Amino acid sequence: MSFRKDFIWGAATASYQIEGAAYEDGKGPSVWDRFSHEPGKILEGHTGDVACDHYHRFREDVALMKEMGVKNYRFSISWPRLIPQGVGEVNEKGVQFYSDLIDELIAAGIRPIVTLFHWDYPAALQARGAWENPESPKWFEAYAALCAERFGDRVKDFITFNEPQCFIGLGYGKGEHAPGYRLPLSSTVVMSHHVLMAHGLAVKALRKYAPGCRVGYAPCGDARIPASEDPADIEAARRAYFQVGDNPEGWAFNVSWWSDPPILGSYPEQGLRLLGQYLPQGWEKDLETIHQPLDFYCQNIYNGDVVRAADNAQGYEMVPQPVGHPKTAIQWPITPDALYWGPKFLYERYKLPFMISENGMSSHDVVSLDGKVHDPQRQDYMHRYLRAYKRAAEDGVDAIGYLAWSLMDNYEWAFGYTDRFGMIYVDYQTQERIVKDSFYWYKTVMEQNGENL
Ligand code: BGC
């Protein structure tokens with residue numbers, strides 16, 4: 001046993017992180033265009049104005065994907081590039097860009113997997129209250145319908161949202177991401193409900209205007225890893241994984257609040273006890289819309305926390321990483337077992353075909369004297385994580401795919417260009433692309449369907 005024969009191997013990116021052309025061809029501003037220009041918000045003041053200039057260089061980038069043997073490419077659409085004011089008039093030049101990209105991918109034998117929303121929210125809608133506005137799910141529905149109408153003839157796989165935990169939790173709770181607000185639970189919980197409504201309405205719109213397409217959803221969450229294979233530790237990790245936290249700023253960073261309603265049709269009970277009082281009036285009747293059939297369930301998983309059973313009220317405790325535990329450049333712990341236990345617990349609970357929609361490593365990559373970029377640490381990271389994921393597949397998880405983050409170095413949000421996650425190095429001064437060693441290594445993994453792991 002190994003990965004299934006039709007396993008979806010590929011790589012991922014997101015619009016604001018690579019496109020650039022922030023003010024070109026009629027694109028409207030997004031909250032990230034605004035936030036990245038606010039003094040002190042982004043490390044070293046970097047902005048996504050130019051990023052990887054993918055908007056102008058996408059043909060070169062698709063050619064590199066082809067050389068790498070990538071057969072599936074996940075990218076996101078910039079909502080304000082398509083609809084500058086968020087609602088209303090369509091920017092045909094924006095439509096043309098994505099249409100050309102999709103054609104180029106298909107001509108190269110690469111399946112496009114389109115994420116509708118990866119955080120670059122239209123600034124015009126932010127001015128109207130964004131996700132707190134009860135109209136906001138309808139705005140997203142109209143945008144989803146447009147994507148389905150214009151691209152659904154060629155795109156067969158859509159993902160509604162990327163990591164709602166982050167754009168709500170970091171954008172409106174902690175204020176570390178755009179638009180940089182620190183709002184109370186009475187706002188962020190309402191927003192979460194509207195995002196879930198928007199997801200449900202978008203699934204319906206996609207199915208209506210792009211009949212036969214497959215639809216998924218890509219939230220995130222640090223996995224929970226049992227300290228041992230003792231059943232008590234496994235149960236402790238499971239319980240911790242699906243717990244909703246009560247920290248007002250950090251409450252959004254959980255799995256079940258965001259995945260139970262769309263997949264199981266109800267909010268988690270323990271979450272409701274904590275947060276139910278902040279939900280908008282009449283939320284119960286929205287659950288039917290939120291709960292739409294999905295074809296696959298994704299998660300972006302980079303690491304996990306170790307948990308063991310404990311004799312306390314919640315029945316578990318976190319086990320701190322030992323001193324010197326390996327970390328990536330962005331300071332995230334390297335915990336390959338996250339890709340065993342995460343998919344296992346998630347599949348057990350949600351029972352949908354499962355895909356890792358992001359996983360990868362930030363490292364301090366440099367161009368060596370020989371002109372190449374050697375990144376053995378990234379290969380080792382991916383090798384270990386993929387072995388754990390393979391074990392999950394062998395243990396019965398219906399693992400349908402793995403999309404590496406990222407195809408190329410890009411704008412790492414509040415960390416600007418200081419973190420490099422790509423398998424293709426980008427020189428931001430010249431826009432030269434240099435393939436890293438991991439590019440060739442991952443090519444062999446994809447070619448051999450992971451048999452060489
Ligand atoms: C996001 C990406 C981001 C990556 C690494 C995920 O949270 O979806 O946009 O670049 O992780 O931080």
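Two strands are taken to pair if DSSP finds at least two bridges between them. In this predicted model, strand S6 and strand S8 (residues 304–309) run parallel and are joined by 4 bridges; Pro226, for instance, has Val307 of S8 as its bridge partner.

This pair belongs to an open sheet of 3 strands, ordered S6-S8-S9, in which the pairing is mixed. Its edges are formed by strand S6 (223–226) and strand S9 (316–319), each of which pairs on one side only. On average, and with direction ignored, neighbouring strands of the sheet are turned by 45° against each other.

Which strands does helix H10 lie across? Helix H10 (residues 231–241) lies across S6, S8 and S9, and runs at about 130° to S8. Helix H14 also packs on the sheet, where H14 touches S6 and S8, and the direction of H14 makes about 110° with that of S6.

Two packed helices are described by the angle between their axes and the distance between the axes. For helix H14 (residues 338–350) and helix H15 (residues 376–394), the axes come within 7 Å and cross at roughly 35°, and the crossing in which H14 passes H15 is right-handed. H14 contributes Leu339, Tyr340 and Pro343 to this contact, while H15 contributes Tyr385, Ala388, Tyr389, Arg391 and Ala392. Sorted by class, the contact of H14 with H15 comprises 7 nonpolar residues and 1 charged residue, with no polar residues.

Key
Residues are numbered from 1 along each chain as its sequence is written. This is a predicted model: local features need pLDDT of at least 70, side-chain atom pairs count only at pLDDT 80 or more; totals for chains, interfaces and linings use all residues. Side-chain values use heavy atoms; hydrogens and water are left out. Axes are lines fitted to C-alpha atoms, for helices over the stretch in contact, and angles run from 0 to 180 degrees between N-to-C directions. Helices (H or I, at least four residues) and strands (E, at least two) are DSSP runs, numbered from the N terminus. A crossing is left-handed if the near helix is turned anticlockwise from the far one by less than a right angle, and right-handed if clockwise. Contact means heavy atoms within 4.5 Å. Ala, Val, Leu, Ile, Met, Phe, Trp, Tyr, Cys and Pro count as nonpolar, Asp, Glu, Lys and Arg as charged, and the others, Gly among them, as polar.
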